[in-house]
Amino acid sequence: MLKLITLLFLVLTPTRENREHNTKEAFFTIEKREDQIHVLAEFPWTVRKALLHYDPNLERAKEKEAFQKSFYNYVKRNFLLKNQKGKPLELVSVEQVSHQGHSHQSNFKFRFQGTQFIEVHNELLFNIAAKQKNYHTILIDGKSFEGITSANTPSFILK
């Protein structure tokens, strides 16, 4: 009986992988690696809509490179990791990575030059959803931090 209860608990407990996918939520894992910060971003399918809203010229674009350049600029403008002086770390690259998780999501990796930051500013997807929430897990030097950004609070300081 105990095994049955445990099994039911595991199956019915909501997790990021098994709960219904919310299109107004995105998840970011921010990790320090050597001399860079790596960010794994998990977006709902609406990321394409946000990009088209950001850059309407993409409606006519036929080349994949146009989307890549526009997405890089969208991230550079809306996702900032700031140091103690308030200066953003330099965004080095944005690349799509292999699919993990829900079938209606897109995964990307952002890389930033440098490792010292105290503020996360993230307005990605706010241009299409006023109720957008971005969830962050930050892993630095064996410590873990959590933070959420929304239209009302687009940034937070690591404590």
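A salt bridge is a side-chain nitrogen of Lys or Arg within 4 Å of a carboxyl oxygen of Asp or Glu. By this rule, the count is 2 salt bridges. The structure is a predicted model, in which local features need pLDDT of at least 70, side-chain atom pairs count only at pLDDT 80 or more, and totals for chains, interfaces and linings use all residues. Residues are numbered from 1 along each chain as its sequence is written, and side-chain values use heavy atoms, with hydrogens and water left out.

Accessibility was classed as buried (under 20% relative accessible area), exposed (over 50%) or partly exposed (in between), with a 1.4 Å probe and protein chains only. Glu-31 is partly exposed at 29%. Arg-33 is partly exposed at 38%.

Asp-141 and Lys-32 also meet through their side chains in a salt bridge (3.2 Å, N to O). Asp-141 lies in the loop between S7 and strand S8 (143–150), and Lys-32 in strand S1, so the pair ties together parts 109 residues apart in sequence. Strands (E, at least two residues) and helices (H or I, at least four) are DSSP runs, numbered from the N terminus. Asp-141 is exposed, at 60%. Lys-32 is partly exposed, at 25%.

A nonpolar core is a set of buried Ala, Val, Leu, Ile, Met, Phe, Trp, Tyr and Cys residues joined through side-chain atoms within 4.5 Å. The largest has 30 residues; Phe-43, Phe-79, Phe-110 and Phe-117 touch the most other members. Elements supplying at least two residues each include strand S1 (25–33) and helix H3 (64–78).
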